[in-house]
Amino acid sequence: MAEVMELLKQYLPVTQEPFVLSGDVNTGLVLVDVVNGFCTVGSGNLAPEQHDKQISQMVEESVRLARVFCEKKWHVFAFLDSHHPDIPEHPYPPHCIAGTDESKLVPALQWLENEANVTLRCKDCIDGFLGSLEKDGSNVFVEWVKNNQIKVILVVGICTDICVLDFVCSTLSARNRGFLSPLEDVIVYSGGCATFDLPISVAKTLEDAIAHPQELMHHIGLYMARGRGARVVSEVSVKPL
Ligand SMILES: [Zn+2]
């Protein structure tokens, strides 16, 4: 697998630079599905079965950035995957059922529920942009950007190649069509994103399973995001006052 990764990085390179957060540009943090059902060991069908380094690191970085944003009273938007028990989400097994622990923020982020600068959005689809649509046609995410005059969003969460990628693609399309003014930049922080691991050796033993090697798919997710016009960054630091 190490050789495959080397080849992948050679043929599908993802240029990344460090990113410095400053108060100069109005930047919002978007957390994608940092919920138990995807991040906490043993928490349902789509949660890791054992400790997962990439996922743990993603959670740690999400917590670190959420702290920075909340200390500075900058805006945070958090998606929570949340499904009605009778409406399955093809092709996934039941997960993150509304009202269960699976659809709640991970323990290290629970405190976000009480922060004034945080908007929480339950969504019942992969793409958080679509999941922000209300029945009357308004969009909670679009309103968040406009009401807070967000110029840059910094995106972290899970999965790099699924919910993060779909949200980033839709947001970039909406921006390009002029629906998201004054949003200019979409930044994806690689170390703040993670995806799940289903190696080919395991997938072969399961019926109807599609292999999903973690490192490879994480990289491809970043590659796709960059190809659509997102900036991918390797580290996020905070400019000292
Ligand atoms: Zn879901």
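Analyst: Strand β5, residues 152-158, is mostly covered, with six of its seven residues buried. A residue is buried if 20 or more other C-beta atoms lie within 10 Å of its own, exposed if 12 or fewer, and partly exposed in between, with C-beta atoms placed from the backbone. Helices (H or I, at least four residues) and strands (E, at least two) are DSSP runs, numbered from the N terminus.

This is a predicted model: local features need pLDDT of at least 70, side-chain atom pairs count only at pLDDT 80 or more, and totals for chains, interfaces and linings use all residues. Residues are numbered from 1 along each chain as its sequence is written.

Strand β5 pairs with β2 and with β6; two strands pair if DSSP finds at least two bridges between them. Strand β2 (residues 27-32) runs parallel to β5, and six bridges join the two. In this pairing, Val32 stands opposite Gly157 of β5. The pairing of β5 with strand β6 (residues 185-194) is also parallel and extends over six bridges. Here Val155 stands opposite Val188 in β6.
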